[in-house]
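Q: I have a structure open and want to go through a few of its parts. Can we take it one piece at a time?

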Amino acid sequence: MPPSTTKMHPDELDIDATLVEALLCDQFPRWAGLPVTRVESAGTDNAMYRLGDEMVVRLPRLPGGAHQVGIEQRWLPRLAPRLPLAVPAPLAMGEPGRGYALPWGVYRWLDGDNAYDSPLTELAEAAVELGRFVAALRRVDATGGPVSWRGGPVAGNDEAVRAAIDDMGADGTLDAVAATAVWEDTLRLPQWDGPPVWLHGDLLPGNLLTAHGRLTAVIDFGGLGVGDPAADVMAGWTLFDAETRGLFREAADVDDLTWARGRGWALCFGLTAEHYYRGGKNPVLAAVGRRAVREVLTEYAGGMRT
């Protein structure tokens with residue numbers, strides 16, 4: 001994976017280990033002097049630095065990420081006891097300082113490797129476990145929860161999706177006719193008419209931890225919020241295959257329309273991620289996006305509509 005200090009956006013903030021050490025010294029002197037080591041990641045929203053053996057510091061990389069830390073710090077302790085997989089445990093929330101203008105957080109370190117670098121080998125087991133996680137999260141009382149950035153209609157991404165289809169179709173890297181057909185079917189789907197529910201919002205391989213081929217934890221809750229649960233079932237296409245997708249769906253316990261909207265979210269993510277991150281900007285996310293598009297189009301071509 002590319003190092004977390006590699007800039008992928010023009011407005012990224014300057015973050016390095018020296019800054020992290022200074023912030024800790026100023027605000028949490030009890031942890032000053034512990035070794036600070038960059039955690040390499042293909043994530044685009046946060047830089048991560050391991051702090052000693054048992055903690056990790058997360059700092060938003062983009063000016064618009066100020067709200068993410070507060071959401072995690074407030075809601076993860078309330079959600080964690082209700083969830084069947086480990087999630088990050090906030091330990092402290094830092095304030096802007098030393099020229100860094102955003103809040104930041106310290107969390108307990110979770111052992112494991114992300115599911116992109118260390119893929120799941122027990123895929124059927126993981127499909128059931130992640131499906132149960134999605135269902136459990138959805139059942140938690142959502143009163144007062146913030147709106148997830150993927151909690152609204154996927155149609156809000158129409159312009160970006162069509163631009164991706166046009167560009168990748170023109171250069172021969174995408175079947176534009178097939179992608180357009182699936183996307184337009186997605187836009188015709190009835191929208192969520194139930195009460196808002198909790199969703200993680202970004203269940204990609206890089207946000208799941210594995211150990212010995214098994215799923216152990218879900219991380220990076222920057223997209224945590226409430227809304228339409230469909231975005232969380234896009235994991236059916238970003239992570240699972242034709243043989244295990246049904247296991248994930250059954251465990252997630254979603255209706256046909258939510259599943260269909262989730263496939264639309266997978267297509268949306270896949271197209272826009274590959275379009276934006278290809279060409280070396282972020283090979284990992286480009287590859288995850290490409291896989292999601294391939295899974296969706298293959299399934300659709302085989303006649304799977306729900």
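Q: Is Ala-176 buried, partly exposed or exposed?
A: Ala-176 counts as partly exposed, because its relative accessibility is 24%. Buried means under 20% relative accessible area, exposed means over 50%, and partly exposed is in between (1.4 Å probe, protein chains only). This is a predicted model, where local features need pLDDT of at least 70 and side-chain atom pairs count only at pLDDT 80 or more, while totals for chains, interfaces and linings use all residues. Residues are numbered from 1 along each chain as its sequence is written, and side-chain values use heavy atoms, with hydrogens and water left out.

Q: Which helix is Ala-176 in?
A: Ala-176 is in helix 5, residues 176-187. Helices are DSSP runs (H or I, at least four residues), numbered from the N terminus.

Q: What does Ala-176 touch?
A: Ile-165 and Gly-169, not counting residues up to four places away in sequence. Contact means heavy atoms within 4.5 Å.

Q: OK, helix 4 and helix 8. At what angle do they cross?
A: The axes of helix 4 (residues 158-170) and helix 8 (residues 256-277) cross at roughly 60 degrees and come within 9 Å. Axes are lines fitted to C-alpha atoms, for helices over the stretch in contact, and angles run from 0 to 180 degrees between N-to-C directions. That makes helix 4 oblique to helix 8. Angles under 35 degrees count as roughly parallel, over 145 as roughly antiparallel, 65 to 115 as roughly perpendicular, and the rest as oblique.

Q: Which residues make that contact?
A: From helix 4, they include Ala-160, Ile-165 and Met-168, and from helix 8, they include Cys-268, Leu-271 and His-275.

Q: And helix 3 with helix 7, what is the angle there?
A: Helix 3 (residues 123-139) and helix 7 (residues 245-252) pack at about 25 degrees, with axes 7 Å apart. Helix 3 and helix 7 are therefore roughly parallel to each other. Among the residues that meet are Leu-130 in helix 3 and Phe-248 in helix 7.

Q: New topic: which residues touch the most others in the largest nonpolar core?
A: Leu-130, Phe-133, Trp-198, Phe-248 and Leu-271, out of 66 residues in that core. A nonpolar core is a set of buried Ala, Val, Leu, Ile, Met, Phe, Trp, Tyr and Cys residues joined through side-chain atoms within 4.5 Å.

Q: Which helix gives the largest share of this core?
A: Helix 8, with nine residues. Another core, of 19 residues, lies apart from it, and Ile-15 and Tyr-100 are among its members.

Terms used: Helices (H or I, at least four residues) and strands (E, at least two) are DSSP runs, numbered from the N terminus.
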